Amino acid sequence: MNFVGLLHSLGPLSIAGLAQGAIYALFALGYTLVYGVLRLINFAHSEVFLMGAYAALNVWGLFSLNQNSATPATVVVIGLLMLGLVAAIIASGATALVVELVAYRPLRRRNAPPLAFLITAIGASLVISEATGVFTHRSITGVPPLIRPADVVTFGNLHITNLQVLIIVLALVMMFGLDRFINTTRLGRGIRAVAQNPDSAALMGVNKNRVISLVFLLGGLMAGVAAVMYVLKIGTVKFDAGFDLGIVAFTAAVLGGIGNLRGALLGGLLLGVVENYAAEVFGTEYRRVIVFVLLIGVLMFLPTGLLGESLGKARA
């Protein structure tokens with residue numbers, strides 16, 4: 001165990017963990033939104049994220065840039081980032097809607113039991129993942145150098161890079177925007193009404209199917225942004241990348257309080273930091289072990305997670 005190394009590198013590990021945790025948090029929002037409304041664990045959400053990552057990489061690939069290319073001018077970089085974000089958001093949002101329409105809506109019409117939804121979610125996840133692997137040769141590498149990490153803040157051994165700042169700030173902005181949308185808009189009130197009591201919401205004129213589609217779409221949009229951040233940070237995407245990251249994102253949602261938007265943010269950031277600390281102290285092979293030990297420990301004393309408030313009970 002390397003506690004001395006942890007104390008010496010506490011600052012850098014914390015910043016790197018927050019950047020990683022910001023990706024987890026945005027990813028986790030999809031699980032939280034769907035569970036808050038439908039009480040459904042949408043395991044196909046990991047492939048919603050995957051489609052966004054592949055879409056961004058394919059759009060950037062049209063410009064013949066690779067890892068050895070020179071960094072484009074700032075205006076070009078901003079344009080390419082926006083194109084990547086738009087492509088990822090569209091791809092992830094569309095995938096989420098298709099999953100809802102094709103896999104889940106027919107089951108709701110038949111009043112299928114919860115187990116049927118769970119099995120369908122796993123099946124949809126495997127179908128999309130394996131099909132992606134077949135058509136993309138299992139992975140894409142060679143992310144263009146849109147943002148080369150450069151220090152923007154230096155204090156002792158603490159070095160905060162431009163990429164870390166971008167990821168953390170973008171995640172907080174997206175989280176704030178979603179929180180305001182859910183809590184202050186008419187559509188957001190519809191989401192909260194269906195989450196709290198779908199039958200009463202229907203009597204009040206709320207279209208349940210539209211609300212559910214909107215929830216899947218919003219989760220897809222957040223996953224698309226997370227996918228771009230992941231691609232910029234990691235630099236490669238495999239056909240099964242969504243599954244591994246999805247397990248951690250789901251853990252973040254449960255840790256913060258699944259069904260709670262702010263809980264997803266808290267859980268994601270906390271997991272990112274804890275993972276980095278665990279890797280430094282125990283070695284990288286134990287980082288996920290420590291994360292799940294933390295989850296079990298929290299749920300033993302707080303079964304509903306750290307915040308525990310459901311989407312249906314959220315207030316502005």
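Reader: What does buried mean here, and is Glu100 buried or exposed?

Author: Buried means under 20% relative accessible area, exposed over 50%, and partly exposed in between (1.4 Å probe, protein chains only). This is a predicted model, in which local features need pLDDT of at least 70 and side-chain atom pairs count only at pLDDT 80 or more, while totals for chains, interfaces and linings use all residues. Residues are numbered from 1 along each chain as its sequence is written, and side-chain values use heavy atoms, with hydrogens and water left out. Arg108 is buried, and Glu100 is also buried.

Reader: How many salt bridges does a search of the whole structure find?

Author: A salt bridge is a side-chain nitrogen of Lys or Arg within 4 Å of a carboxyl oxygen of Asp or Glu. One of them joins Glu100 to Arg108 at 2.7 Å, N to O. The whole structure holds seven.

Reader: Why does Asp179 count as buried?

Author: Asp179 forms a salt bridge with Arg180 at 3.2 Å, N to O. Arg180 is partly exposed, because its relative accessible area is 27%. Asp179 counts as buried because its relative accessible area is 7%.

Reader: Which residues are joined with Glu275 into one network?

Author: Glu275 meets Arg288 in a salt bridge of 2.5 Å, N to O. The pair links distant parts of the chain, 13 residues apart: Glu275 lies in helix H11 (residues 261–282) and Arg288 in helix H12 (residues 287–301); helices are DSSP runs of H or I, at least four residues, and strands are runs of E, at least two, numbered from the N terminus. Through shared partners, salt bridges join Glu275 with Asp244, Arg287 and Arg288.
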